[in-house]
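User: I am new to this structure and would like to learn how to read it step by step. Could you guide me through a few of its features?

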Amino acid sequence: MLDRAPQETEGAAAEKPRPVEFRGGGFAPSAGRHGGWIALAVVVALWQLAGSAGWVNPLFLPPPSAIAVAIWKLASSGALWQHVSWSVMRIGSGWIIGTAAGVLVGFAIGLSTLARSIGITFISALFPIPKIALLPLLILWLGIGEEPKIATIALGVFFSTAISVYSGVDAVPRNLIRMAQSFNVPFHAIVRRVIWPGALPSILAGFRITASVALLLVVSAEMIGAQFGIGAFVLQAGNLMQTDQLLAGVVMLSVFGLAVGKLINLLEARLLHWR
Amino acid sequence: MDLIADHISHRFGALEVLDDVSFEVAAGEVVAIVGPSGCGKSTLLSILGGLLQPTKGAAELRGAPPAGSLNPLTFVFQDFALLPWCTVEGNVAFPLETAGLSATARRTVVDDALRRTGLADFSGAYPKQLSGGMRQRVGIARALAVRPAILLMDEPLSALDSQTRELLMEDFVRLLADGAMGAVYVTHNLEEAVRLADRIVVLSRRPGRVRETVTIPMTRGERGAAEARNRLTALQGELWSLIRSEAIDAEREVQHA
């Protein structure tokens, strides 16, 4: 049998071997380091070209250079900081209140049967309501001032936070909790040393969402009833057909969103380095 | 300190898992629990360790725990159950954090446990940086740190490759050699059972009942000799013949489930 094997494959052995075709490519996208910035630069350059060449009416779409000039003038006059600081104050206050309440309620739902049975029903019923629709009611309750705007943001942030926190608590591997219980680790220590770090990835992912929600709500609330703030500024510029200033406000919102995103990236890198 | 399974029965809803299981683990004794898949071995271990309340019967302790024991009944888990956000040192120290030890005493205990398990050079590593065998060593070090009277080991080697299993089995034999610690060792692997245990409790298929209790007729120290190995292999064959038909039935049951 062994002697016959080379004879049977003699013809095949004479044939030149060919490489096995590679079939394992794709399905592993990775963000290039500079690709995004290059694409952004190309779009801005084309936009500038369209404006400079007169292909688009600058009243409807001012070129990036005009927007940069508008930002510079706003910054020089101090108006930009005034609007930004009001928006940051509202977002900051609303986000902190909403997040603190959301984390507390989320943990209660994640850890207590009573809180879960009550809380999930309320959250399911109230979460889908667009929170900006509640602003007129909140103005009635809290008066015309900062409170209703901050409360609107806090409400928007609260529900998303609560959901991400109790989802995170639910996602903590049960075997880790059983392990801690098997060592007689007290409840509070299990929450602090097992459940909190285990739920943190979901909580930080929730922060990313609630930062966007807060930004959306602050602009909406400021458009409805504020003298200062990015939302009020954008609306005012739109009413006056000052599209360069309008887009300057939009750019500031984008920069704010990017800054918050970076901050959360830093938090994740610091707190979730073990992943 | 002795551990007693006193007429333990358990059901999950309509599913009867254990039926009137009784046996004792004397101080320093190693008892293996074997049986077909789904016979309730892990459930029994959870009940013995106080993580699950039995429907009937009880898990009981007799006698005082050894001096200095911080957690007389200590688990070693199949999936290691390590905190991924803690280093090796942090995982071993975790059960000591609320034990009322001073920082110095804790440090000494952790260092000793790491040294005994060959982890002294890996104290700053995170679980994701370790192999399966090393992760299980961390689980063992964590268990040793609380100076248990009885280790409750739930298939501690089943997630590991055969070479790592062999190395850790040698560690178990060494750690349990002096009789200072007893163990309940749940396993599918009959070779592990005959190598490590003083007695083997054979459970029937679900609902698990004690079908037979086999005493290994030699000390662990005597099991290295060639003749002893032959006797253990024969014993392993006898155990398999006890379990085989029920293991086949259990497998078919799982496939039809």
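User: How many helices and strands are there in chain B?

Analyst: Please keep in mind that this is a predicted model. In chain B there are seven helices and nine strands.

User: What radius of gyration does chain B have, and what would a compact globule have?

Analyst: A compact globule of 257 residues would have a radius of gyration near 18 Å, and because chain B has 18 Å, the two agree. The C-alpha atoms of chain B fill a box of roughly 55 × 45 × 40 Å along the principal axes, and 42% of the 257 residues of chain B count as buried.

User: How do I read a pair of helices, and at what angle do α11(A) and α12(A) cross?

Analyst: Two packed helices are described by the angle between their axes and the distance between those axes. Here the axes of α11 (residues 230-239) and α12 (residues 243-271) of chain A come within 8 Å and cross at roughly 155 degrees; angles over 145 degrees count as roughly antiparallel, and α11(A) and α12(A) are therefore roughly antiparallel to each other. The crossing of α11(A) and α12(A) is left-handed. Residues of α11(A) that meet α12(A) include F233(A) and V234(A), while L246(A) and L253(A) are among those on the α12(A) side. By class, this contact of α11(A) with α12(A) has eight nonpolar, three polar and no charged residues.

User: How many residues of chain A are in contact with chain B?

Analyst: The size of an interface is often given as the accessible area lost when the parts come together. Counted by residues, 15 of chain A are in contact with 17 of chain B. On the chain A side, α9(A) gives the most, with six residues, and the residues of that side divide into nine nonpolar, four polar and two charged.

Conventions: Residues are numbered from 1 along each chain as its sequence is written. Chains are lettered from A and ligands numbered from 1 in the order in which they are written. This is a predicted model: local features need pLDDT of at least 70, side-chain atom pairs count only at pLDDT 80 or more; totals for chains, interfaces and linings use all residues. Two residues are in contact if their C-beta atoms, placed from the backbone, lie within 7 Å. Helices (H or I, at least four residues) and strands (E, at least two) are DSSP runs, numbered from the N terminus. Ala, Val, Leu, Ile, Met, Phe, Trp, Tyr, Cys and Pro count as nonpolar, Asp, Glu, Lys and Arg as charged, and the others, Gly among them, as polar. Axes are lines fitted to C-alpha atoms, for helices over the stretch in contact, and angles run from 0 to 180 degrees between N-to-C directions. Angles under 35 degrees count as roughly parallel, over 145 as roughly antiparallel, 65 to 115 as roughly perpendicular and the rest as oblique. A crossing is left-handed if the near helix is turned anticlockwise from the far one by less than a right angle, and right-handed if clockwise. The radius of gyration is taken over C-alpha atoms; the globule rule is 2.2 Å times the number of residues to the power 0.38. A residue is buried if 20 or more other C-beta atoms lie within 10 Å of its own, exposed if 12 or fewer, and partly exposed in between; C-beta atoms are placed from the backbone.
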